[in-house]
Amino acid sequence: MSPHDIAALPPDMKYGIGQPVPRTEDPVLLRGQGRYTDDISLPGQAYCVIVRSPYAHGIIRGIDTSAAKAMPGVLGAWTGADLKAAGFGEMQCALPVKNGDGSPMKYPTRPSLTTDKVRWVGDPVAFVVAETLLQAKDAAEAVVLDIEPLPAVTLPSASAAPGAPQIFDSVPRNVVLDFHYGDSAKVAEAIAKAAHVTRLSMRNNRVVISPMEPRSAIGHYDRQADRWTIHIGCQGVFGLRNQLAKQVLQVPPEKVRVLTGNVGGSFGMKTAAYPEYACLFHASRLLGRPVKWTDERSGSFVSDHQGRDHETTAELAFDKDGRILAARVTAYGNVGGYMAAVGPNMSTGNYVRNFSSNYAVPLLEVNTKVTFTNTSPVSSYRGAGRPEANYFMERLIEVAAIEMGIDKIELRRRNHVRPEQIPYKAASGLVYDSGDFTTVMEKALVAADWAGFPARKAESRRRGLLRGIGIGNFLEATAQPMKEMGGILFEEDGSVTILTGTLDYGQGHAAPFAQVLHDQLGVPFERIRLVQGDSDRLIAGNGTGGSKSIMASGTAIVEASAKVIDLGRRAASHFLEAAAADIEFARGMFRIAGTDRRIGIMELAQRLRSAKDLPADVPRSLDVKHIFDQAPSAFPNGCHIAEVEIDPDTGATSVVRYVTVNDFGVLVNPLLVEGQTHGGIVQGIGQALYEHTVYAEDGQILTGSYMDYCLPRADDVPGFVFNSHPVPCTTNPLGVKGCGEAGCAGSMPSVINAIVDALSEFGIRHIDMPATPEKVWRAIHSARKAA
């Protein structure tokens, strides 16, 4: 449907669920009128600069701030000892995870400023506050650090080896969690009896999380009100408020207010509290004025949480007919120098929940040693273990097909969970409620013209290029939607406000949430406003992450709308002088059944507001503040097919064709879903071909800027063909499944499978990400020498 056709539709169709409504935020953002944290300046604010460790590992012998304090404009300089004396608490992981033997995971806490040792390059040790930013920068350089360097370790497997540098005295051999899932004896028996077992060791490369907007915050303590306020970009103000209150400030949550405006991306990184925030609060309380800090990109490369970084050996056992009998995953997961709020989850719980993908895997075992290393902490990054697990499975399937001499498509068909098996209880214990996995793949094969690939390969060969095609099936278990606010307020100016605790940091929530409300209540779309970024206005909120926002906030809006309708029936019965049981509601109108007597919901809200002396049983407004409880995870799934061309003389790889067919359930807004998918695909291509955080043996980061760390550009990717095969989810009222992270899950395996397909003529069966030109060239060169 063209934009002209959409504009001509009546409102109930133009803005209803399923319509490609453009993002309502974009006109403001494109005019440069967005309000990000660094755009905010509060009266009297001072400026903070953090002093960070130049060493990856070392003992702090002393920190001298005297010279910094004496410099012009400096208001103060403080260390971790000052924060501890002032009563600030320490951050810690919130996951209740146990070791394989049932003992609890070790929980070393993270101070905002370390006092004993530094544990990675960038570990914050002190901070300076001054009247201007330049004065604060100059003074920070005058802080003298006396650090005794120690040996460092950066790989998780090396960290767990005997004799490795000890990062925390309380964590022997740096293994913070020795995770186990599954029945080892049954898996071992299945593998031993299998007709074929495919084994593959893979590295999921560490990546820098690169949102357009660096982290920034302004902290302010109001002594008179005894309240703490922080302006900050995050992924959910309610959850961040609670963490700051309970862990950092150690005050009741109602003493803390978190305010968030526009956020320029996060991808999981801005979810939780960081050390800088306690520093701002401490200085503000002492100075009696707001204190602002904004990171620079060079600082972001070492101070922000990073993503991925797993070393994994996976095994897939098959019977004589090529059907999967069991899978076993043995891994090392890197959490860096400290454990982030959900640091261990990616290579443990999310491996379990996502490794089986859309295949019938009877038995699954996952064993992961999660270790500390002298690197930046690792936490959630778009998918947070879901893309990794799907990548491992798809690489195993691809290699197994070659080893068993079975067509790669047929092997996938043979092992898909079939529609008649649904609801299907996976080896993870999760129940797939919906899906048509083989049909999704078949539609992708047609859209990609799989049958026509040999002709395209021959044409590339004539130009001296290698060409490969790769498939990436995926199924993700989304985060479980729970405890989300659905507030609906009818304002005096005739607008309607949605209050909810998810947070838009680039997704475009305003339009689809308004579409849901418009669909439920018939409220004019253009009058709907969205409020997410003020913790004082929320009564619950679980933030945005794990591809659950439309399931959580959408369901909360549906349930809150039902309460509005109930209130409206009672109110309409008064104004229409009829029994509430006789009042019907449809398309924004309350009507006496069987008559033409009616009142619109907007008029009803206005009359309630202006009415006086209403009877006791008549509601005073239609406003609702509701908390949606919880629902199971959903299972978005799909099939991506990529084609690449490789120059064998240089190893340079180009993605030249790309098709994706997805089942995201009901598409509330297809336009935004396609955009989210495009973004995830590009990030997956980035990890597959370009991105890699590299550390030297002493822990120094070698890819500390975009001069050394490569991100994909627009001209590195082709146009994407996006198709849908929606099978509605049955566990939420909208039938939605989530889509935000799925692009990564399909693009990483499809691109690497395509590269290996192109290199298969040299006998190459695997190449680790990122498949840089040098790595590809070396693989070709080594294969030619061996031949």
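Predicted model: local features only at pLDDT ≥ 70, side-chain atom pairs only at ≥ 80, totals over all residues.
Local features are reported where pLDDT is at least 70 and side-chain atom pairs at pLDDT 80 or more, while totals for chains, interfaces and linings use all residues. Residues are numbered from 1 along each chain as its sequence is written, and side-chain values use heavy atoms, with hydrogens and water left out.

**Figure 1. Overall view of the chain, with 22 helices and 28 strands.** Helices (H or I, at least four residues) and strands (E, at least two) are DSSP runs numbered from the N terminus. The radius of gyration is 28 Å, close to the 28 Å that the globule rule gives for 787 residues, so the chain is as compact as a globular protein of that length. This radius is taken over C-alpha atoms, and the rule is 2.2 Å times the number of residues to the power 0.38. Along the principal axes, the C-alpha atoms fill a box of roughly 90 × 70 × 55 Å. Of the 787 residues, 60% are buried (under 20% relative accessible area, 1.4 Å probe, protein chains only). Among contacts (heavy atoms within 4.5 Å) between residues at least 6 apart in sequence, 79% join residues at least 24 apart.

**Figure 2. Close-up of the crossing of helices H13 and H14.** The axes of H13 (residues 386–404) and H14 (residues 408–415) come within 9 Å and cross at roughly 115°. Axes are lines fitted to C-alpha atoms over the stretch in contact, and angles run from 0 to 180 degrees between N-to-C directions. From H13, Glu394, Ile397, Glu398, Ala400, Ala401 and Met404 meet Lys408, Leu411 and Arg412 of H14. By class, this contact has five nonpolar, no polar and four charged residues. Ala, Val, Leu, Ile, Met, Phe, Trp, Tyr, Cys and Pro count as nonpolar, Asp, Glu, Lys and Arg as charged, and the others, Gly among them, as polar.

Figure 3. Val49 is buried, with a relative accessible area of 14%. Not counting residues up to four places away in sequence, Val49 touches Phe127, Val128, Leu133, Ala136, Lys137 and Ala140. Leu133 lies 84 residues from Val49 along the chain, with 7.7 Å between their C-alpha atoms.

Figure 4. The relative accessibility of Cys729 is 5%, and the residue counts as buried. Leaving aside neighbours within four places in sequence, Cys729 is in contact with Asp433, Ser434, Ala634, Gly665, Gly735, Val736 and Lys737. Cys729 and Ser434 are 295 residues apart in sequence and 5.9 Å apart in space, C-alpha to C-alpha.

How values were computed: Buried < 20%, exposed > 50% of the residue type's maximum accessible area, 1.4 Å probe, protein only.
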